[in-house]
Amino acid sequence: MLLQLLLILLLLTTGCKKFLDQKPNKFDVIPHTLNDLQVLLDNTNAINAKGTGSYAELVADNYYVPASIWQLLASITLYQPEALNYIWDKTGKSYDYGWDFPYENPVYYSNIVLDQLPLVSVNSGEDQKYNALKGSALFYRAFAFEGLAQLFCKPYSTTNANELGIVLRLTSNVNAKSTRATVQQTYDQIIADLKQATDLLPATTSFPTRPSKAAAYAALARTYLSMRDYVNAGQYANLALQQNSTLIDYNTLVPLGRPPIKSFNPEVIFHNYATSTLASLLPRFHKIDSTLYQSYDANDLRRTVFFKGNTGANAGTYFFQGSYDGNGLYGPSGIFDGLTTDEMYLIRAECAARKGNKDAAMLDLNTLMIKRWNNNGSWAPFTAADATDALNKILVERRKELLFRGLRWSDIRRLNVEGANITLTRNIRGTLYTLPPNDIRSVMLISLGEILHSPDVQQNPR
Amino acid sequence: MFNPSDRSHPGGPKRFKAMQFTANGQTCSMKKEQRPHPKLKMLLIMQFTAILLLAACLQVYAKGVAQVTLSEKKAPLEKVLLSIKKQSGYGLVYDEQMLQRKARPVDINVRDVSVEQALQLVFQNQPLTYEIAGNRLIFIKEKEIPQKKISESAPLLSATDVHGRVVNEKGDPVEGVNVLVKGTKMRTQTNVNGEFSLPGVASNATLLFTHVSMESFEYKVQDGSTNDILIKLKAKITALGEIAVTVNTGYQKVSQERFVGSFSQLDSNAFHRRAGMGIIERLDGTVPGVLFNKKGTTSFSPIQIRGISTLGIQQTSTDPLVVVDNFPMGTGFDMNNINPNDVESVTVLKDAAAASIWGSRAGNGVIVVTTKKGKYNQRFRLSVSSNVTIQNKPNLFYYPRVSSSDFINIEQFLFSQGFYDDDINNTYTYPVISPVVEILARQRAGLFSSDIAAKQIDSLRKYDIRNDLNKYVYRQAFQQQHYFAFSGGSNTLAYQFSAGYNHSLNSTQNSKGDNQYTINTNTSFRPINDLEIQAGIGFTLGENRSYNFPDLSYYYPYLRLTDDGGNLLPVPKNYRQGYIDTAGAGVLLNWSYRPLDEIRLADIHTTAKYVSLNFGISYKFTDWLTAALHYQYQNSSANTRNYQNQQTWLSRNLINQFTNPFQTNPDLRYPVPVGGILDVSSGQFKNYNLRGTLNLNKRLGREHLLTVLAGAEISDSKGGYGSNQRLYGYNDQTGSYKTNIDYLNPYPNIYGTYPGTVGYIPSNNGYAESAINRFVSIMANASYTYKSRYNFYASARKDGSNVYGVNTNNKWKPLWSTGASWDISKEDFFKVKWVPFLRLRASHGYTGNANNTISGKFIISYAASPDPNTGFPFARAGRAPNPDLKWEEVKIDNIGLDFQLLKNRISGSLEVFQKRSKDVIADKRTPPTSGVFVFTLNYASMKTNGFELSLNSKNTQGPVVWTTNFALSHAKTIVTNVNTSIGSKARDFVDYNINAVPGRIVYGISSYRWAGLDPATGDPQGYYKGQVSKNYQSIFTDSVQNQVFHGSALPLYSAFIRNNISWKGFTLSVNITGRFDYYFRQPALTLDYSPTMASTSYSADYYNRWQKPGDEAFTNVPSMPYPVPSAVSQRNTFYRFAEIHVKRADNIRLQDISLSYQWNNEKNKRIPFQSIRFFFYPNNLNLILWRASGSRYDPDFSGGSGDGDAVTAPVPKTWTTGMTINF
């Protein structure tokens, strides 16, 4: 009888194998199929929300923060790095999220997908899906790298080619070592990945959160522009516009909705924004640079669509409300830094002007501007005396069109390499802080966590 | 029924048994079992299960168990015997004449019992006896009493068989009593029913009864046939209570003598001494080795058993495993569902030999709660008890702060500096502005003259919100517990039933009360001799309606809740009162917040139900082998209905926030409809446990006793969920609500927070299932006792769980332990008279900390609902996979010495232990570029060394009995290894947290060296690189060696001494506790003006702040300059965490007093009850008798972060009084 009981025990233990195979949580899944990887990339809060735009905007010159607010922020430990970055403080503190967020999600998730793709089962007829997934992962990663490169390494130029680039993290293995590439390697990687993505990505996607061919072209155009490779930039902007050239007529936005511009609007080629922890960019704190505001013509609809006047004691100042991330779901400080058709028009126009093709340049500019102008009969096409004049006009409109897109910072660095001599200044209760062109401080400090835990990653000099 | 050990004696247990029933004059309640049991249904279940069990696994045995059914009244014995013969097929041998001459008529009514059982009953009152000879032959014979005759003539040579029962003072059987025939080597032990038998005892012999917790007793064997004796033993030290008879490990009950592990027990007396408290809390300050952490906020479990064995990373449990009766309290179940009155005892298992039977969940120690059960052979007993606890109001004045008048002065100063201008001019969000600032702003705007303003301001100076709170809000909390229980047992049935009602009113005036009803029943049957079936049901219903008043400490100190006429005043909330009063005139609902109104309007009702069903069956195959099966089902559910009618602030605020005056369509004008809001939520947990065990208990010869337990267990917690739903526009009169609420589209926020932006209507709807945790365990342990003085013990256990994404092999964790004990005092060579008992114990083994949440493979986790923008399902990446991840392992070594000295006047034990945790799960920080910030791996290791000394003494005997219990425990846990690149810096130790740094105390606390105040500015100064420095940032990141490392934030030593004095029925017991060798941080003044409204940010230290050069000579409180220096936050942090605020926390305090009077009704039969007990129990006295360093704060309750607002006052004193009547 003892034997029988032992037998029962034995049965019990063999039965347990199945018993213990029960998943603890229904929602936990070991990825087996392409679909399991697709859902990772469809996590828009991780993939499309970790842009570098808010950090880039923090240090750029589209806005200012009243001294009292700045002092308040500077006194709170949590906001101190932000306040010090605002004045490009030399002793500086890294604004850690600026570096950490893109690596945490878009880069890591993309690497997971790229690493898992060979391991999951692919049914016949799923080739397109497979390609789209691979292309998407390459795209998201490259897009994040491009954003990081604008902040954490020197602007691309032949002299800077061998300077320190960003960390090109290409594996999901947590234990792999991180090292900094060169500037050249950084851009080579971005361009190679995006080019590969153009072959893999589908022509259209159901939502602009998923990249399409046009998105890859547009990202290439933006990348080449920041590298000052105007030939390629123009070509890829053109390719992007061939896929999608829709522009919103701002007259249709009046009377203004709340918010004035919706997310996923027809101009958006790729939807991306930057979840921000930055208080400075909150609507109630930031104030638009008054010269910038004044530069908008009264009949320029962007003046009413983009800006809203403060009331009370702050009357006469304005805050920005024209974000392309639309519905305000992501908080008032989310900075849209995705890819849009208006940016492509401006890139193509700028490249044409730089090539000396004044007419093509002005045609593109006017195609855009007529959609921004009040149709009360005040519209007169922009004209230029020559290609240089065209270029200058285009650059002015570029700033006015693409503000709070995280692009101004990249433009300042790029143009300063060409000798534009843009000096940034902040004024806090009479104390002036300046950032001269090509200053060492226009390369941001890498996050403290990275420096502490990656012995091979070198901090940017100060 | 019979003691297994009896049968090992040659000479015939069977004869014995026969005798037992021939002379049962003194054994009680034998008659009861004859009666047909009224609970027929239960009997049927018993039989059914008996048959099931037999059929299922014991076919071999079945043929030996013939069953008989008898139903006779006053029948001749012969007839009954023939009926048995017919039904069983047994042979029958008897002398017809003898039967006719001597037999008495038989009353019997049994169904399907064994032959033996039937015979026992049949012969119960007969002058005849029977013997089953050979296989199936029943001999009937006259009861032989030859010994009697022989003893008369030659007493020295005669021998008799002695058997009997041993009971305690209450009449309950005592198991494990050693019965020794003096001058011989004959000995035995009483069984679970207190029964024993000794065959062939010389008729003039003396029996010696000894037991660990009972007074020894000598009994002279009487000649003749009355050798069925009832021995009543007295408990050794009556008021003591900590000496236990048996140790319940949750798997088995082991007599303390054979238990080699380390444990502490609160027995029934000690447990119920602390009436009016939670179950586990009663261990606080009463059990050595258990430490309660009372610090306001901390990342760790409040209960620690012998230090810390895990870092608690990634959901690794830091709590001890709580076992109620047979099974662990399931995940998600609340101990409060167990009525404390139902608890018999609480046992803490501390070392490997004690706890390793619980394997991979025992790493933090095990607490076994045993509930009351009926006992066999126990008379019917009814007890009623009732107690009332009153708790003082919270002490609002514990934290000293600046007076309202001085606060107003500060506000006036700050106003003059323009400090509030941004808020005053903020016409965007309209932040709250205090009344004084509002008055000053109006004065500045020319709305009043300065005289009127000053007058208005001065009128506010006399108010203190704490007075209002004391008057209008707080009251004494009140709790009452009523309980009634009855229990009893016959030879075949034991039952216990209890019902309890607990009612409590919290400390908020006008808050409704909470009710709890509990019912608990437990029954054991022995339908046939070798089969025991036990079933129990527990049911708890909780009805909670209490409302907790919100914390108002962040308001200005002169806040008022009512005006002089007693009318409720609005308290500013979220928005400036002026904005609320004017915004959206005529459109919005009144936006004022009146906290006292909220109490009145609160309509929250939680119904919680808890059901536990347990079922056990055990069958004795032979007298040394028993198999048992235990099953438990637990289900708890809770439903909350929270109706916030339209008058509640929550409803008004939401409605107002979304109100759009530009719309005329009511749906668009009020996207959140005007009306009440109903939140309903529900949740449920289910848990199943099943365990089979095989018990072997065999005496081999006289000197060897082998006990083996083997078992397997599965547990499954599943089906848990939580869901909640919100209904807008709910009308409580009609039950109607609005269905077309648009959660998907944003609506403009015209008023309130961030006007001009858009927001979504909060849906509050959700559903989530809790994780399914499954465990499978197989375990075995064996103990071997030689000469009843050497015990050897070994156990092994293997646990498996449903960790996801791990290979089957890695789902299992094997653990083992071993131990031995040596009863030195039983050795012949040990002749120290004043040490009657001395025992040495040692154990070594492993327990573990299971973690079911960590996967070895890469996992994605699907989100519950799709992305709101795209509608796509999405997932997030799981934790970085680590295929090598294991469960934590804790190695424990323990050596203990148990002793009794000076005729048991002093008893106690000394234990020394060492714990080594390895494979402790720790998070390795990884670079952000890796995509994750931490990587979980088995990296850390820890070690704990400690000792426990407990002493119990009986200081006086006689009319006044004075006893003392003393215990001193020490546990020090050091992190021996951890992979972290932080932790060498001074700032890493400033919080009350697990600060895991190699070589340091796990709860280490550090501070910054203090160099006094800067004589010129009053700035706080520290040291950096040996120099006086104000470079705070550098000081924070300085190596901790250069700053101050104080030591542990938790006591390394804890002690208690409890004196009990009893005289006649009175008992006074005073418990004094001490905690030593640790540090606490006193709250410091916030040097920052930024939280402008909060009255708590200005502690009374403000008065002592540095104001002019020279002040530094007599104050350490820095200056508070305005405008605030840019580094104010570092300046503040430095000061707060500076050396001067860390104090030695050692203290001795009077914890509680218990005064009781018990009257035992021994003579008066007309009074229906047996005893009555009254008690008065003041607890949480927290009267500090001695402290190592002066401080106005109680070191054990000093808040977590050291912030002014985190200061928690000690738990208010409670006063409990009650009474128990036993019928």
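Some ground rules. This is a predicted model, where local features need pLDDT of at least 70, side-chain atom pairs count only at pLDDT 80 or more, and totals for chains, interfaces and linings use all residues. Residues are numbered from 1 along each chain as its sequence is written, chains are lettered from A and ligands numbered from 1 in the order in which they are written, and side-chain values use heavy atoms, with hydrogens and water left out.

Chain A, then. The C-alpha trace spans about 105 × 55 × 50 Å along its principal axes. Chain A holds 18 helices and 13 strands. Helices (H or I, at least four residues) and strands (E, at least two) are DSSP runs, numbered from the N terminus.

How much of chain A is buried? The figure is 60% of the 462 residues. Buried means under 20% relative accessible area, exposed over 50%, partly exposed in between, with a 1.4 Å probe and protein chains only. The accessible surface of chain A is about 17600 Å², and carbon and sulfur atoms own 53% of that. Those areas come from the Shrake-Rupley method with a 1.4 Å probe; for residues, only the protein chains shown count as cover.

Contacts next; contact means heavy atoms within 4.5 Å. Take the contacts in chain A with a separation of 6 or more: 71% come from residues 24 or more positions apart.

Charges, briefly. Chain A has 44 positive and 41 negative charges, and their mean positions are 3 Å apart. Lys and Arg count as positive, Asp and Glu as negative; His and the chain ends are not counted. Each charge is placed at NZ of Lys, CZ of Arg, CG of Asp or CD of Glu.

Now chain B. Its secondary structure is 21 helices and 56 strands. Of its 1223 residues, 56% are buried. Chain B exposes about 49700 Å², with 55% supplied by carbon and sulfur atoms. For contacts in chain B between residues at least 6 apart in sequence, 71% join residues at least 24 apart.

On to the cores. A nonpolar core is a set of buried Ala, Val, Leu, Ile, Met, Phe, Trp, Tyr and Cys residues joined through side-chain atoms within 4.5 Å. The largest one has 148 residues. Those touching the most other members include A:Phe139, A:Tyr250 and A:Trp409. Helix H8 (residues 127-152) of chain A gives the most to this core, 13 residues. A second, separate core has 67 residues, B:Ile424, B:Leu460, B:Ile750 and B:Leu1013 among them.

Stay with A:Trp409. Beyond its neighbours within four places in sequence, its contacts include A:Trp88, A:Gln150, A:Leu424 and A:Met444. A:Trp409 is also one of the buried residues of H17(A). Why is helix H17 (residues 408-417) of chain A described as largely enclosed by the rest of the structure? Because nine of its ten residues are buried. Charged residue types are on that buried list too, including A:Arg408, A:Asp411, A:Arg413 and A:Arg414. Just after H17(A), A:Gly419 takes a positive phi of about 90 degrees.

Most residues other than glycine have a negative phi, and most peptide bonds are trans. A cis peptide bond joins A:Val254 and A:Pro255, with omega about 0 degrees. A:Pro255 sits in the loop between helix H11 (230-243) and strand E5 (268-270) of chain A. B:Asp325 is not a glycine, yet has a positive phi of about 55 degrees. That residue, B:Asp325, is in the loop between strands E18 (321-324) and E19 (327-328) of chain B. B:Asp325 is buried, at 16% relative accessible area. B:Asn1180 also has a positive phi of about 55 degrees. Its loop runs between strands E54 (1171-1179) and E55 (1183-1187) of chain B. B:Asn1180 counts as buried at 15%.

Last stop, A:Asp456. Where does A:Asp456 lie? In the segment after helix H18 (448-453) of chain A. A:Asp456 is partly exposed, at 37% relative accessible area. A:Asp456 and A:Thr179 are 277 residues apart in sequence, but 5.5 Å apart C-alpha to C-alpha. Not counting residues up to four places away, A:Asp456 touches A:Lys177, A:Ser178 and A:Thr179.
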